[in-house]
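Biologist: Hey, can you walk me through this one? I'd like to know what to look at.

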Amino acid sequence: MNNIFDFKRFGNYFLYDLRNAKNTYAISLLLCGTMPILGFVFAQLLSLIFQQRFLEMPVFTKYLLLFAGYLVVVIGAGTKIYGNLTEKRAGSNFLMIPASTFEKWLSMMLIACIVLPVILLGLQLASDALLSFIFPNTYGDRVLELDFLQGVKDGLMDNGVKLNFEAICFLDWVGSILVFFLGALCFKKSKVGKTILCLFAFSTVLSTLSMVFFGQYGPTYINVFDSDVDPVQLLTGLNWFLNIYFIVVIGGLMGGIYYRLRTLKH
């Protein structure tokens, strides 16, 4: 049997990992996915109590509720599902599971990058559509309109701009959630808080380096943008930048999580 990867062994472990994720995070994920419904009901109750009438839900509030659910999952899922691996008992049990480090890492990546966003998006789409169908006068139209997104993309295409919104959103999700998954494995206490502090420190250092760099070479870049530059070249440069950025960030986070799992000891 292959010590690194075996399909049957990985399948059994992945099912075990899914059951563990369901037991520890299913209710939280359900609450986050149905945040529009919970927010709508809460807002209507407050409106009935204090104003004796139903409230028309602003579009901004709808987006805010959807983003709140997204943010809670990104920040809290890693700690809730895998945070106990830094504890002696749970960590020792994890190390005793008959699966390779690569298989455990791959299962974690599938749950973080595929399972969680698919379920969350499905719940949000269902919540948004259900409220729009049942309460068209107070909730209004759906905000998660796939046709609207396609219309924006077609409009940009007419102006020579081609952006893959779906890929950008997916990669942003992966990069964001893996940060907190890595923090959940590295810190024993105050996992979310310490991860946010590390992000803040990293952003501060990166901003300082950027200011020094552009302070030294700024005039050159200003002259370039003031001249007649081909928009296609600018978009090509932006595309290369985003690809390199996501490859470096996501690759680094995945590598860090694998290294942490490999060196996990109790």
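This is a predicted model: local features need pLDDT of at least 70, side-chain atom pairs count only at pLDDT 80 or more; totals for chains, interfaces and linings use all residues.

Biologist: How many salt bridges does the structure hold?

Modeller: The structure holds one salt bridge. The side chains of R9 and E103 make it, at 2.8 Å from N to O.

Biologist: Where do R9 and E103 sit in the chain?

Modeller: R9 is in helix α1 (residues 7–33), while E103 is in helix α5 (residues 101–134).

Biologist: Are R9 and E103 buried or exposed?

Modeller: Both R9 and E103 are buried.

Biologist: OK, new topic. How many residues does helix α7 have?

Modeller: Helix α7 runs over residues 165–186, which makes 22 residues. From its first C-alpha to its last it reaches 32 Å, close to the 32 Å expected at 1.5 Å a residue.

Biologist: And which residues in α7 are buried?

Modeller: Quite a list: W173, V174, G175, I177, L178, V179, F180, F181, L182, G183, A184 and L185 are buried.

Biologist: Which helix gives the largest share of the lining of the second largest pocket?

Modeller: That's α7, with nine residues. The pocket has 22 lining residues, and V179, L199, F202, Y245 and V249 lie nearest its centre. V179 is one of the buried residues of α7.

Biologist: How much space lies in that second largest pocket, then?

Modeller: About 630 Å³. Besides α7, helices α8 (191–226) and α9 (231–262) each supply at least two residues of its lining.

Biologist: Last one: which residue has a positive phi of about 55°?

Modeller: That's Q52, although it is not a glycine. Q52 is found in the loop between α2 and α3 (59–82), and it is exposed, with a relative accessible area of 61%. S190 is not a glycine either, and has a positive phi of about 50°.

Biologist: Where does S190 lie?

Modeller: S190 lies in the loop between α7 and α8. With a relative accessible area of 52%, S190 is exposed.

Notes. Residues are numbered from 1 along each chain as its sequence is written. Side-chain values use heavy atoms; hydrogens and water are left out. Helices (H or I, at least four residues) and strands (E, at least two) are DSSP runs, numbered from the N terminus. The expected span of a helix is 1.5 Å times one less than its number of residues. Buried means under 20% relative accessible area, exposed over 50%, partly exposed in between (1.4 Å probe, protein chains only). On a 1 Å grid over the protein atoms alone, a cavity is a set of points where a 1.4 Å probe fits but cannot get out, and a pocket is an open set with protein on both sides within 12 Å along at least five of seven lines; lining residues have an atom within 4 Å of a point. Grid points are joined across faces, edges and corners, and a volume is the space filled by probe spheres set on the points. A salt bridge is a side-chain nitrogen of Lys or Arg within 4 Å of a carboxyl oxygen of Asp or Glu.
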